[in-house]
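Q: Hi! Could you walk me through this one while I have it open?
A: Happy to, let's take a look together.

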Amino acid sequence: MPITDAYDFDSLVNDAERMVLQELEEQLKTAVDVCTCQECVLDMAAFALNNVKPAYRVSLMGSVYAGSGGQARHAPGITRAVHDAIAKVRANPSHD
Ligand SMILES: [Zn+2]
């Protein structure tokens, strides 16, 4: 049986993803000259996430593994990774 059928991985979350998306939302409010279509925004998110250290944890009710120190703390480099992602897509959109 595939491991993904044997176990429920929905409670595995990457806090970096949540933080990158929040930061992306903030920066896009003031970003100029950048396409914000579905394709481009997802490209920005993917690019930024590839440049940020992942912060996975297990989010089961009542139990938190992998420590609790990551709470509400911006992982290092998120602001810059998002900034770079926007700049990259601005210079080179995912479509013509
Ligand atoms: Zn676009």
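A: A term to start with: buried means under 20% relative accessible area, exposed over 50%, and partly exposed in between (1.4 Å probe, protein chains only). This is a predicted model, where local features need pLDDT of at least 70, side-chain atom pairs count only at pLDDT 80 or more, and totals for chains, interfaces and linings use all residues. Residues are numbered from 1 along each chain as its sequence is written, and side-chain values use heavy atoms, with hydrogens and water left out.
Q: Thanks! Is Arg18 buried or exposed, or in between?
A: Arg18 counts as partly exposed, because its relative accessibility is 36%.
Q: And what does Arg18 form a salt bridge with?
A: With Asp15, the closest N and O atoms being 3.4 Å apart. A salt bridge here is a side-chain nitrogen of Lys or Arg within 4 Å of a carboxyl oxygen of Asp or Glu. Both residues sit in helix 2 (residues 15-30), three residues apart, about one turn of the helix; helices (H or I, at least four residues) and strands (E, at least two) are DSSP runs, numbered from the N terminus.
Q: How buried is Asp15?
A: Asp15 has a relative accessible area of 8%, so Asp15 is buried. Arg57, at 23% relative accessibility, counts as partly exposed.
Q: Switching topic: which residues are the protein donors of the zinc ion?
A: Cys35 (SG), Cys37 (SG), Cys40 (SG) and His95 (NE2), lying 2.0 to 2.4 Å from the zinc ion. Donors are N, O and S atoms within 2.8 Å of the metal (3.2 Å for Na, K and Ca); water is not among the atoms, so sites may look incomplete.
Q: What's the spacing of those donors along the chain?
A: The donors follow C-x1-C-x2-C-x54-H.
Q: Last one: how do the elements of the chain run?
A: From the N terminus on, α-β-α-α-β-β-α, with four helices and three strands. Of the 96 residues, 23% count as buried.
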